[in-house]
Amino acid sequence: MKRERESGGKLGMVQKTLQQAYQQAPWRKATRKGMLFLILALLFGLVIWISLTISVESAEAAIQINRLENEKEILQYRIATLNTEIAAGSSVQVMEERAKKLGFRPATRDEIVYMTVPAYPGRQTTLAVPPPPSSQEEPILIKTSYQQSLSDLLFQGLSQIEKIPRGAVP
């Protein structure tokens, strides 16, 4: 029995010594610190990569917006130029000259013939502006659901919760 105690005691001491040596091994501590540093470096690199990616995409979007705005200005200038050409081409003087070159002349009163079409309703008028509202109707500026305060809404919700029977699932 004495021997077993001594061997068990020695075995326990050896195990404790090995365990302590295993835990305190310098290369384990260095490995832990190295892994921690590597993980932090990877996280830092990931954050930098994400921020650079977002910066590059926003810069590309800004360049594309600038290019499209320039193209829009060019197209607006082209449209204004074409409208000016149309206005100049359809002026009274130009149209009279073109008509004379084609052999037309102004009509006399005797040559003008008016014709009536029985099914034609005539020129329809359109309203550019809607009629003003009647004085009896007052426009609703704010919906009634938006006139309720947050405290009123909370008290109303609490009162509805109290009305739910016990054990019922809302």
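Visitor: What percentage of the 170 residues in the protein is buried?
Guide: Welcome! This is a predicted model, where local features need pLDDT of at least 70, side-chain atom pairs count only at pLDDT 80 or more, and totals for chains, interfaces and linings use all residues. Residues are numbered from 1 along each chain as its sequence is written, and side-chain values use heavy atoms, leaving out hydrogens and water. Buried means under 20% relative accessible area, exposed over 50%, and partly exposed in between, with a 1.4 Å probe and protein chains only. By that rule, the buried share of the 170 residues is 1%.

Visitor: How many buried residues does helix 3 have?
Guide: Helices are DSSP runs (H or I, at least four residues; strands are E, at least two), numbered from the N terminus. The protein has four helices and zero strands. Helix 3 spans residues 92–101 and is hardly covered. Among its ten residues, the buried count is zero.

Visitor: Which residue forms a salt bridge with Arg105?
Guide: A salt bridge is a side-chain nitrogen of Lys or Arg within 4 Å of a carboxyl oxygen of Asp or Glu. The structure holds one, and its closest N and O atoms are 2.5 Å apart. Arg105 itself is exposed, at 56% relative accessible area. Its partner is Glu111.

Visitor: Is Ile50 buried or partly exposed?
Guide: Let's look at where it sits: Ile50 lies in helix 2, residues 26–89. The relative accessibility of Ile50 is 39%. That value makes Ile50 partly exposed.
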